[in-house]
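Hi there,

I'm passing a structure over to you today, and I hope you enjoy looking through it. Below you'll find the model, followed by some notes to get you started.

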Amino acid sequence: MGDADLGLRVELLGEVRIRLAGEDVAVGPPRQRAVLAALALRPNQSVSRAELIDGVWGDTAPPSVEGSVHTYIHGLRRVLAGAGGGDLLVRSGAGYRLVLEPSAVDVVAAETGMRRARELASPGNTAAAVDVLEECLRLWRGTPLFGLPGPLAQTERVRLGELRLELLEERAEWLLDLGRHREVIGELGEAVAAEPFRERLRGLLMLALHRGGRRADALAEFGAARRLFAAELGLEPGPALADLQLRILRSDPGLDLPAESPAAGVPAQLPHDVPDFVGRAGELKQLARWRAELDRGGRALVISAVGGVGGVGKTSLAVRFARDVAADYPDGQLYVNLRGFDPHRAPLSAAEALGQLLSALGTGGRRQDADVQAALYRTLLSDKRMLIVLDNAASADQVRLLLPGPSRCLVLVTSRNRLTGLVVRDGARRLTLEGLPDEEALDLLRVTVGPRRIDAEPAAAAELIRLCGSLPLALRVAAEKVSSDPEAGLEELVGALIAERSRLDALDSGDDEMSSVRGVFSWSYHSLKPAAARAFRLLGVVPGPDIAVEAAAALLDRRVGETAELLTVLCEQNLLERREEDRYGFHDLLRDYAAELADREETAANRAAALHGLMLWYVHSLRSAYSGIMPDFRFFATGLAETEHEFFATGLAETEHEVAKFGSRDDVAGWQKAEAANLLALAKHADDTGEHQAAWQLAWGMYHHYYSAGRLSEWVELLEIAMHSAEQLADPMPRLRILNEFSVANSRIGRNDVAVEQLKQALEIARATDDHYSQVKILINLSSTLREMKLFEQGISHAKEAMKLFEQGISHAKEATELTVEMDSTRDYYRAGAFDALCELYVESGKPAEALRFGLSGLEAARACKSELIEDNILVNLAHAHRDLGDVAVAIRDYESALDVCGQRGDRYHEALALFGLAELHRREARLPEARERAQRALDIFVGLDGEEADEMRTFLRELESPGPTGG
């Protein structure tokens, strides 16, 4: 009978006790409880008598201690037998093993829960992660291992106390992210009182108080910390706490809860609502009627196609309606701008749009095939009730793959085109917007200008509406101009607008919607001071969708503070939009207008210089980002071969502007994700205009983003641009580097034959230039690609060649110069990479003994150079090798070790591989519940990563339900 059947639990997070069916079971004296704790902390693992003695008695062990151990083990067996589980404590070699489901021990349950919560929070399911942490915290009943003697209990009390504080801190952080700051103020206050020197806790309390409107209390917490630290430690609070205090003093908006922070751990991607939204009451009612009709009729899918010219308010209407009904869609809201009418960028492909949607749903976009992505997308939405806004669609074909299958989802589509195919084939209801009716247009002016001025001059107001073509966008721009001159009469201002429009009409073909609003834009533009006007023009030549203040400073060749002021002026005039995270962008009509002005009023040299400055800033910011990732990517020192840092930005001048700075790898990842679309557009522009040094480096610096994000079609597009530019340069090294990177992208999408050909081309260049560094790197990549193609002997040959070349390069370097610490690290990094490749090749080719030999050497090198990624991969492959040699106990130990290490580091991919390995071994031993539990956990991770292994896991789980001769 197993412990799960008995309902038996061992609880250590308080006074040690055994619980059976909810009732306490008497455990015995303190040292007997200490022995139980030592065994329960390692369920199903052998604990030797020596470990028990050291943990329970330490240096105070008497000569008769062996007999005492025997006595306490016998006593515990009696206790367990009385609870109906006498076979749970068994002899194991020179020690004992407590046979118990790990989840039946509260400490293990808490540790597992913490890992599970982090997995949930990673794809954005923060609310569920909070619930898991709350369950973990409820396991604590007081001081862990209360009253137990011995060194083990003392050490574990400290460790488990730290674990509880980590759980409290992470839960508080996630609740703050969810906007639930009031829930944490009380418990954080108690925690700070108990742990007054713990700065992370105090910082969270300060932030919660600040967000709760208690700014003075938040600052008082900092003052209390400063006094305490000075009195007790003679120190000042650390830089993180000091920076938080300064930001609170400045009322930094970055401390406020993001407006779109999800409140329930579900996607909440709707854009900001238009301020002072006015009118469209009839259209909103029509959308509501259609939704109600289709819901009552049991139709699974509701689509509304909102059409009309640019500036008529299609997106504003869709967002307003979506926000009105969002509460009826508890599984969240998705939004994607399909860029159907962007003059500077091509519309999103179906695969690109699906990649964005799948990412928002918590799964990656590794698969390039749009049909495969669409099938996964429909599957994920099949049991959901979600609201999806597809903005700026170019055609029905662009939208069709983005529609869910049978579901309870609402889809809103906006487009300047009629999308007839969507109506005919997919049952969409078409709603075409015209300009605002006169009364609604007047209401908009009353709200934005003020009712007194509008109602005082009705004729002038009507003329203003006519001049704006009744378009909401134009009316808002004009209203800002009117509001900026409160002393002037409305009729006088309208006369000035008429004169301005007449001047422009001579230049205007009048064949698009720009003709109706150009005069309004010009009227506002000409009110700008020269610096703001120049900023408006030059922003119009930027090819990307938006821009950050620091990048705009490089474009305008100004200081960041000055640039921020100019962007604020443009936003105040409604000529620019401030978006999330201090990024700025245009409405597409205003972008067109700004670009027109740049063409007319800026010389070609000025435009080119501004964009060149922007490119330099991005290239050197990417170099800064690359440095933030360097701990996992070490390079040859000067004297052996050219370093990556020296190579990066070759042929380009230094930027005169401060580049982006990064405090962590997460900062790098967030920045590259935000800038990916800009960098793609800028690289294309650089290639088109002959800025080839910038074009290939903009692409090359994004390797780590695309390798992790999995937006493979976008990556391939960027690399094709980079390859074209690299081919225009006399220096062969850019082509070598792009070929090497391109091979990785092609391998990720299953085009291994193309990848091998690219690597061979790169290898030819490296050999022709006698570049040992590149040869080693390419040969290792080539061996890995051949392994995926099951060409194991070829792969082994190339990996051994890489090792030989590398050792030759090191020998040459030793002769030339003293081997530095940096070169030591480089040597270990490349030894680790080559041994890792060989270990994996030998495992997959059925030679586990050889795999062990190379894997153990690789593990030593990986740890020496602190390459966690290589170490994790080798740990899993060493376990595979022991498994294939039949060393089941050692294999389980190695998988468990890999599982623990990867879980601590957040390496979810290798964590899943270790779980899969354990599941296979448990199936071999007919331990089907354990196999099923590990396999399900692995599947959950692979699905979240969109790993190809997910299908293999599903097959494994199906086979578990149909046992064969092996029990699996």
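A salt bridge here means that a side-chain nitrogen of Lys or Arg lies within 4 Å of a carboxyl oxygen of Asp or Glu. Please keep in mind that this is a predicted model.

Across the whole structure, the search turned up 47 salt bridges. Another of them joins Arg923 and Glu959, at 3.1 Å from N to O. Arg923 lies in helix α42 (residues 908–924) and Glu959 in helix α44 (residues 949–960), so this pair ties together parts 36 residues apart in sequence. Arg923 counts as buried because its relative accessibility is 18%, under the 20% cut-off, while Glu959 is partly exposed at 38%.

Now to the nonpolar side. The largest nonpolar core has 149 residues, and Phe536, Leu555, Leu570, Leu614 and Tyr618 have the most contacts inside it. Leaving out residues up to four places away in sequence, Phe536 touches several residues, including Tyr525, Leu570, Phe586 and Leu597. A second, separate core has 82 residues, among them Leu12, Leu120, Met206 and Leu255.

Happy exploring!

Notes: Residues numbered from 1 in each chain as written. Predicted model: local features only at pLDDT ≥ 70, side-chain atom pairs only at ≥ 80, totals over all residues. Heavy atoms only, no water. Core = buried A, V, L, I, M, F, W, Y, C linked by side-chain atoms within 4.5 Å. Buried < 20%, exposed > 50% of the residue type's maximum accessible area, 1.4 Å probe, protein only. Contact = heavy atoms within 4.5 Å. Helix = DSSP H or I, 4+ residues; strand = E, 2+ residues; numbered from the N terminus.
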